[in-house]
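Please look through the sequence and the structure shown here before reading on.

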Amino acid sequence: MKRALIAFTILALATPAAAETVAIVNARLETAGPAGTIPSGTIVLKDGKIVAVGAGVTAPAGARVIDAAGGVVTPGLIAPSSSLTVTEVEQVSSTRDDRSGKLSAGFDISYGVNPASTMIPLARQTGQTRAVVTPVLSRGGDGGHKDDSGAQDFAGGGGGDDAEPMMFAGQAAFVSLAAGDLDPVVRARVAVTLDLGESGARNAGGSRGAARVLVKAACEDARAFARNRGAYDRGATREFGLSRVDLEALIPVVEGRAPLLVRVHRASDILQVLRLAREEKIKVILEGAEEAWLVAPQIAAAGVGVIIDSQADLPDSFESLGARLDNAARLQAAGVTVAIMGSRDVNNMRQQRFNAGLAVANGLPREAAMATVTSNVARIWGMTGVGTLAVGQEADVVLWTGDPLETSTWPVTMFIGGVEQPRSTRAFELRDRYAKPAAAYPPAYQ
Amino acid sequence: MRSRVLAAIAATATAALLAACATTGTPAAKPGPTASTAPAKPIPQGLDPAARPDAFPSTYLPFPSAATAIRGATILTAAGERIDRGVIVFEGGKIVAVGGPDTAIPAGAVVIDGTGKWITPGIIDAHSHLGVYPSPGVSSRSDGNEAIDPVTPNVWAEHSVWPQDPGFNRARAGGVTTLQILPGSANLFGGRSVTLRNVPSVTMQGMKFPGAPYGLKMACGENPKRVYGGKNRAPSTAMGNVAGYRRAWIDAADYGRRWDDYRAKIAKGEKADPPKRDLGLDTLVGVLRGEILIQNHCYRADEMAVMIDVAREFGYRISMFHHASEAYKIGPLLAREGICFATWADWAGFKMESYDGIEANAAIAYRAGACTVIHSDDATITQRLNQEAAIAMAAGNRIGLKITEAEAIAWITLNPARAIGIDGQTGSLVAGKRADVVLWSANPFSIYAQADRVFIDGALVYDRRDPRYQPRSDFELGQPGEGAFHP
């Protein structure tokens with residue numbers, strides 16, 4: 001295993017990423033942008049950017065031409081909230097760098113990003129080229145399944161029983177999923193994440209009222225700290241509820257330069273978040289938001305983006321009693337910018353594109369669905385240069401065997417920043433080893 | 001060792017027959033001349049394992065149904081056939097005919113136009129925790145793991161099932177007509193499973209699949225040793241797990257022999273005290289007799305191979321390995337042993353024993369000849385087992401395994417039926433079987449397909465476009481969602 005990783009790294013170093021000129025011809029181009037879907041056309045990638053896209057485009061001389069043969073080209077998918085690159089095995093805590101346990105808003109997830117994670121090549125096989133890596137409060141995550149829930153039932157999983165109330169999980173980062181990128185963090189500290197609703201209440205000692213008061217107090221403390229750093233250092237300020245590093249992390253949020261990613265589920269809690277954003281003049285993004293459809297006009301009016309798992313249709317908890325499969329369709333119809341996520345943990349992550357397909361089956365227009373996994377993610381997070389197929393954009397491009405939202409398709413090839421990505425994954429190596437008939441020597445020799 | 005246990009089982013079976021004879025008063029059971037006293041008093045029935053093996057009997061009755069024919073649809077029978085523009089006829093709760101466009105439709109049948117749609121058998125989820133880990137997932141309803149002892153074959157999942165779990169309604173809208181509800185995997189022996197018809201019911205008994213055999217949940221690997229190792233007691237290692245299984249089977253064989261001895265003496269008219277009934281050992285003896293099917297949670301190839309040897313040592317069969325993330329490494333072994341395996345499309349990597357899970361798992365082991373099942377173990381995945389199977393099929397076809405929809409449909413219908421012992425009754429569209437039928441809006445292997453109508457025993461139990469056939473749980477009345485969850 002370790003040897004394989006080293007070999008992979010050496011290989012990556014030996015062949016430095018080369019952004020060649022490539023033309024993909026004879027493709028159905030789903031641009032996820034203003035150009036909509038072009039039934040048959042060409043896209044040209046040069047110097048890491050998209051330089052031409054459309055029906056009447058011809059491949060430039062000298063370009064490597066890839067005949068899509070009617071396949072589909074889309075922008076690279078972007079995971080809107082993920083543990084990719086900071087978690088290898090969910091139940092092996094030594095491989096998890098997605099939570100602090102000690103710091104609050106100050107926790108900086110970007111320092112733990114691991115470009116050698118075997119989950120990155122797997123993510124590329126689901127069409128993902130970039131991810132927003134977001135911290136979580138406790139060990140939970142949503143990757144476990146019922147058979148394993150015994151672990152939580154009897155090992156006292158989940159946080160919240162600590163003496164210190166802690167609702168901010170830390171700071172998120174944008175990462176590239178390009179192979180061989182030894183420094184895949186595109187931007188660190190892009191947002192602070194906050195759990196409200198039941199989780200926030202639990203972490204605040206038991207109730208929503210406490211959580212909300214603590215968040216408001218934290219915002220006030222961050223402002224006071226920003227105005228009086230010198231006084232703070234002299235010990236001449238009042239006592240603040242958060243540590244110095246936590247307060248520092250909140251300054252971009254209270255100054256409106258970075259959003260607060262709020263995990264929230266119940267309609268009334270969503271309205272509380274919108275009110276908080278108004279009162280504190282901060283930018284917010286909602287994640288989870290199973291009951292968002294009940295307050296869709298208010299979310300649209302506030303111009304707040306929403307990240308959802310479109311499979312959610314169960315009353316999993318008392319804060320998601322209204323979960324519905326047409327949450328995405330209803331939000332989109334109301335004018336809300338919706339991003340669709342898969343599982344936030346790395347197992348089952350392929351679900352992002354299928355979740356977009358599921359949203360279509362439940363009323364979301366097909367073109368809008370492609371945007372929920374590409375351009376809407378970029379828009380919600382304020383990423384520039386990615387998320388659509390348009391001239392001047394980063395050449396993050398995926399060629400699919402067919403409809404990328406279908407169960408029967410896979411990426412034929414993929415470019416990140418104009419560089420074609422390797423297709424191998426650890427899972428494929430295992431597959432290819434065992435798909436063969438047995439040989440005289442054990443599979444380890446293959 | 002093995003032959004002795006098998007002999008003991010044979011004796012058990014004979015004794016059971018004799019005991020049955022005795023209760024019907026056959027002359028063979030008459031006391032011999034030396035027994036001058038009156039015949040032994042019968043044991044109070046709760047103390048006799050053989051008296052009432054079906055202690056919580058099914059009260060399920062099919063809902064009212066009319067003779068129905070669906071024509072013009074693509075039919076996947078799960079018996080290997082794909083019929084284009086096919087016709088299916090069911091009446092009296094049973095399938096009457098399945099065939100091509102010329103199949104006769106009886107006069108008076110309700111005729112449904114299935115043009116452009118697809119028909120499959122009702123989906124069977126062989127690994128569900130609906131009812132025992134219901135929604136909402138609050139601790140007061142967390143009833144799936146009796147994690148106070150690693151050996152609890154005495155507990156029965158049916159006693160934990162909450163029939164109002166809204167998850168049953170969600171699963172039905174995904175075409176699921178039958179479910180095996182299992183205890184969790186905290187224990188080496190987690191308890192008995194129960195097989196349910198997916199119909200709304202006030203009582204568990206009203207859902208119970210009549211005549212379905214019980215299963216016994218066993219668990220390999222990380223969960224038991226984590227739960228008990230964490231409490232500083234056995235098992236805390238993989239070898240501790242195996243020692244725990246073997247000890248329990250030894251106890252079971254001994255218990256079975258004590259009852260056999262007792263019944264043999266009674267049959268001869270001798271005086272004897274009945275052994276004290278033990279609910280857990282009753283279950284294990286039921287396995288040794290082949291009446292209860294082993295459903296074995298086990299991820300790793302090497303651990304499955306060990307479990308196969310444990311079964312051989314004590315003379316029982318494993319019906320199915322569940323999760324089986326590494327089935328692809330031992331496909332030929334599973335095929336040879338006739339053991340099914342159930343897995344997901346690619347739910348993997350969340351712990352060490354699932355770290356080698358791959359999307360092509362099901363497809364590779366299937367092509368090696370193993371009985372392949374796609375299961376959910378999850379209230380969300382159970383709603384789309386058709387898509388789970390589709391992803392697993394596509395992963396195989398990506399490497400040229402050429403698996404057809406007509407084959408893969410059996411992964412979520414006939415094969416799970418076989419693994420839980422109900423394939424004689426349901427699981428494929430064959431005349432004479434229960435009319436458990438799903439009419440899909442499109443090819444069910446497409447992400448865009450929806451179950452339009454679902455029939456159980458020929459009765460319409462769900463209709464996507466008719467709110468009269470969209471049952472709602474008591475729990476959801478008056479709540480924000482009102483139990484409605486799709487457009």
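**A residue and its surroundings**

B:Val161 counts as buried, because it has 25 C-beta neighbours inside 10 Å, and a residue is called buried once 20 or more other C-beta atoms lie within that distance of its own. The model in which this residue is seen is a predicted one. B:Val161 is found in a loop of chain B, the one between β6 (123-128) and α2 (167-173). If its neighbours within four places in sequence are left aside, B:Val161 is in contact with B:Gly131, B:Val132, B:Ile181, B:Val194 and B:Met204. As for B:Ala272, which stands 111 residues from B:Val161 along the chain, the C-alpha atoms of the two are separated by 39 Å.

**Helices that pack in chain B**

Two packed helices are described by the angle between their axes and by the distance between those axes. In chain B, helix α4 (residues 238-267) packs with helix α6 (residues 301-314) at an angle of about 20 degrees, and their axes are 11 Å apart. α4(B) and α6(B) are therefore roughly parallel to each other, a description used for angles under 35 degrees. The crossing in which α4(B) passes α6(B) is right-handed. On the side of α4(B) this contact is made by B:Val242, B:Tyr245, B:Arg246, B:Trp249 and B:Ala253, and on the side of α6(B) by B:Val306, B:Val310 and B:Phe314. Sorted by class, the residues of the contact of α4(B) with α6(B) are seven nonpolar, no polar and one charged.

How is α4(B) placed against helix α5 of chain B, and at what angle do they pack? Helix α5 covers residues 279-288 of chain B, and it packs with α4(B) at an angle of about 85 degrees, with the axes 9 Å apart. That angle makes α4(B) roughly perpendicular to α5(B), since this wording applies from 65 to 115 degrees. Here B:Ala248, B:Trp249, B:Asp251, B:Ala252, B:Ala253, B:Tyr255 and B:Gly256 in α4(B) meet B:Leu281, B:Leu284, B:Val285 and B:Leu288 in α5(B). The contact of α4(B) with α5(B) has nine nonpolar residues, one polar residue and one charged residue.

Among the contacts in chain A between residues at least 6 apart in sequence, 70% join residues that are at least 24 apart.

Where chain A and chain B touch, the contact takes 55 residues from chain A and 57 residues from chain B. On the side of chain A, the elements that give two or more residues are α3 (149-155), α11 (351-361) and α14 (426-434), and α3(A) gives the most, with six residues. By class, this side of chain A has 25 nonpolar, 16 polar and 14 charged residues.

The predictor gives the complex an ipTM of 0.92 and a pTM of 0.92. Chain B has a mean pLDDT of 93, and 92% of its residues reach 70 or more. Among the elements of chain B, strand β5 (residues 118-121) has the highest mean pLDDT, 99, whereas helix α1 (residues 2-23) has the lowest, 38. Over residues 1-36 of chain B the pLDDT is below 50, and this stretch has 40 contacts in the model beyond near neighbours in sequence.

Note on methods. Residues numbered from 1 in each chain as written. Chains lettered and ligands numbered in written order. Predicted model: local features only at pLDDT ≥ 70, side-chain atom pairs only at ≥ 80, totals over all residues. Contact = placed C-beta atoms within 7 Å. Helix = DSSP H or I, 4+ residues; strand = E, 2+ residues; numbered from the N terminus. Nonpolar A, V, L, I, M, F, W, Y, C, P; charged D, E, K, R; others polar. Axes fitted to C-alpha atoms, helices over the stretch in contact; angles between N-to-C directions. Parallel < 35°, antiparallel > 145°, perpendicular 65-115°, else oblique. Left-handed = near helix turned anticlockwise from the far one by under 90°. pLDDT = per-residue confidence, 0-100. Buried ≥ 20, exposed ≤ 12 C-beta atoms within 10 Å, placed from the backbone.
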